[in-house]
Amino acid sequence: MGSVRKASAWLGLVEDNDDRYYDDEYTEGAAESGEAWVTDPRVRVASEAAEEQDRRIATVTPDGFRDARGIGELFREGVPVIVNLTSMDAGDAKRVVDFAAGLTFGLRGSIERVATRVFLLTPVDTQIVNGEPAGRRTGGFFNQS
């Protein structure tokens, strides 16, 4: 499916006939069990004290596309999420990145590549600081005029 067709399907302009991304068995099993979704143990979130101060960042290392739901739940709660895709195969990693891009677009957040196959998803109310001093000149270290 081409990118224009994907965008049109996402906007609801055309019917989405691409069943590659849907796993009926997975969604039906969760609905039938009646249990609430539980965050995967591979997801680490800061302590409760950090949660009370609203200073949490989650790191997620998914094994497959099924772990994308945990990423979405954390991001919807307003938690910045670091997604490490280094242990995934290329096809599933691409699907997770596509999911994350749609998630950040839909919730007005941002996505930034931190390293090779590592991404930072930040909610709309989070500011990313690049680590350089605010008063640093762009001319370089030796440009001391």
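Trainee: In what order do the elements of the protein run from the N terminus on?
Mentor: α-α-α-β-α-β-α-β-β. This is a predicted model. The protein has five helices and four strands.

Trainee: Why is R108 called exposed?
Mentor: Set the value against the cut-off. Exposed means over 50% relative accessible area. R108 has 68% relative accessibility, so R108 counts as exposed.

Trainee: Where does R108 lie?
Mentor: In the loop between helix 5, residues 90-106, and strand 3, residues 110-115.

Trainee: Why is R117 called partly exposed?
Mentor: Two cut-offs matter here. Buried means under 20%, exposed means over 50%, and partly exposed is in between. R117 stands at 28% relative accessibility, so R117 counts as partly exposed.

Trainee: Which loop holds R117?
Mentor: The loop between strand 3 and strand 4, with strand 4 spanning 118-122. Phi of R117 is positive too, near 65°, again in a residue other than glycine.

Trainee: How much of the protein counts as buried?
Mentor: 25% of its 145 residues. The cut-off for that label is under 20% relative accessible area.

Trainee: What share of contacts joins residues at least 24 apart?
Mentor: 45%, counted among contacts between residues at least 6 apart in sequence. A contact needs heavy atoms within 4.5 Å.

Definitions and conventions:
Residues numbered from 1 in each chain as written. Predicted model: local features only at pLDDT ≥ 70, side-chain atom pairs only at ≥ 80, totals over all residues. Heavy atoms only, no water. Helix = DSSP H or I, 4+ residues; strand = E, 2+ residues; numbered from the N terminus. Buried < 20%, exposed > 50% of the residue type's maximum accessible area, 1.4 Å probe, protein only.
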